[in-house]
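I would ask you to keep the structure in view while I speak.

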Amino acid sequence: MAAADAADPTRQLVLGVDLDGVCGDHTEAFRRVVATDRGLDPSTLPDQTTWTFAEWGLDDEAFLELHRRGVLEHRMFRSMPAMPDVAETLWRLSDAGVWIRLITHRLYANWGHAVAVGDTVAWLDDVGIPYRDLCFLGDKPEIEADLYIDDAPHNVEALRAAGNEVIVFDQPYNRHLDGLRARSWREVEELVLEHLISAGYSVQQQFTGLDDGAARVRGALRGSK
Ligand SMILES: [Mg+2]
């Protein structure tokens with residue numbers, strides 16, 4: 001985004017944050033679904049090194065059917081493990097003046113939208129992830145953010161082809177992509193803060209000890225901060 005915009009003290013950097021494979025460990029959640037379906041120990045399934053789960057012997061049809069059951073029967077969007085440090089980091093970035101805009105493509109299928117949306121927002125509250133917007137998108141990856149974080153090779157390439165800056169959230173299936181890359185949420189924080197400063201945004205400091213980071217969402221829900 002233009003430096004002139006960033007110089008406006010009321011202007012916030014909009015960070016577009018993908019959910020699956022970035023905030024939540026989608027591979028691990030789906031691993032449990034596939035292992036349960038086959039009566040296997042989840043650890044016997046190899047790492048996901050391709051976007052299409054070919055290493056687990058799934059073709060497109062088998063993937064879609066297992067994923068449907070994962071969402072509707074196993075409620076994987078409700079129970080997905082969170083990535084380490086994701087909530088705490090997003091709270092610090094939010095406190096620094098970053099506008100968190102979550103993006104997800106979880107409505108790619110024509111079924112189960114109520115479960116997918118309901119489980120997603122309940123999971124976000126449970127994990128304690130802060131956000132100003134939550135965008136459920138189809139194919140189009142772009143939602144007018146100043147900086148994006150995504151793991152899907154096709155999304156990263158499409159966003160960059162449209163002139164956007166994208167941080168690749170490191171996964172075994174996206175190692176062929178070059179450019180900005182974060183291997184953890186700590187590295188995401190460093191890259192976003194560097195971007196804030198180099199683009200001329202003012203950075204606000206979080207006052208330590210006043211709030212309990214990610215626990216604020218859960219505290220607010222209980223009515224006791
Ligand atoms: Mg993703």
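Predicted model: local features only at pLDDT ≥ 70, side-chain atom pairs only at ≥ 80, totals over all residues.

The chain contains nine helices and six strands. Of its 225 residues, 32% are buried. Among contacts with a separation of 6 or more, 68% are between residues 24 or more positions apart.

Let me now direct your attention to strand 5, which spans residues 166-169. Which way do its side chains point? Val166 and Val168 point one way, Ile167 and Phe169 point the other way, and all of them are buried.

Strand 5 has partners. Strand 4, residues 147-150, runs parallel to strand 5 and is joined to it by three bridges. Within that pair, Ile149 stands opposite Ile167. Strand 4 and strand 5 also belong, together with helix 7 (residues 153-161), to a right-handed β-α-β unit. Strand 6, residues 181-182, likewise pairs with strand 5 in the parallel sense, here over two bridges. In this second pairing, Phe169 has Ala182 of strand 6 opposite.

Ile167 deserves a moment of its own. What does Ile167 contact, leaving aside neighbours within four places in sequence? The list includes Leu147, Tyr148 and Ile149, and also Leu180, Arg181 and Ala182. Val188 and Leu191 complete the set.

In soluble globular proteins, nonpolar side chains tend to be buried together. The largest nonpolar core in this model has 44 residues, and the members that touch the most others are Leu15, Val17 and Ile167. Helix 5, residues 86-95, supplies the largest share of this core, namely five residues. Both domains take part: at least three core residues come from each of domain 1 (12-25 + 83-222) and domain 2 (27-79).

Finally, I turn to Asp25, which sits in the loop between strand 1 (14-18) and helix 2 (26-38). Is Asp25 buried or partly exposed? Asp25 counts as partly exposed because 18 other C-beta atoms lie within 10 Å, whereas a buried residue would need 20 or more. Asp25 and Ala82 are 57 residues apart in sequence, yet their C-alpha atoms are 5.9 Å apart in space. Not counting residues up to four places away in sequence, Asp25 touches Met80, Pro81 and Met83.

That concludes my presentation, and I thank you for your attention.

Key. Residues numbered from 1 in each chain as written. Helix = DSSP H or I, 4+ residues; strand = E, 2+ residues; numbered from the N terminus. Buried ≥ 20, exposed ≤ 12 C-beta atoms within 10 Å, placed from the backbone. Contact = placed C-beta atoms within 7 Å. Pairing = 2+ DSSP bridges. Right-handed = clockwise from strand over helix to strand, strands pointing away. Core = buried A, V, L, I, M, F, W, Y, C linked by C-beta atoms within 7 Å. Domains from an automatic or database assignment.
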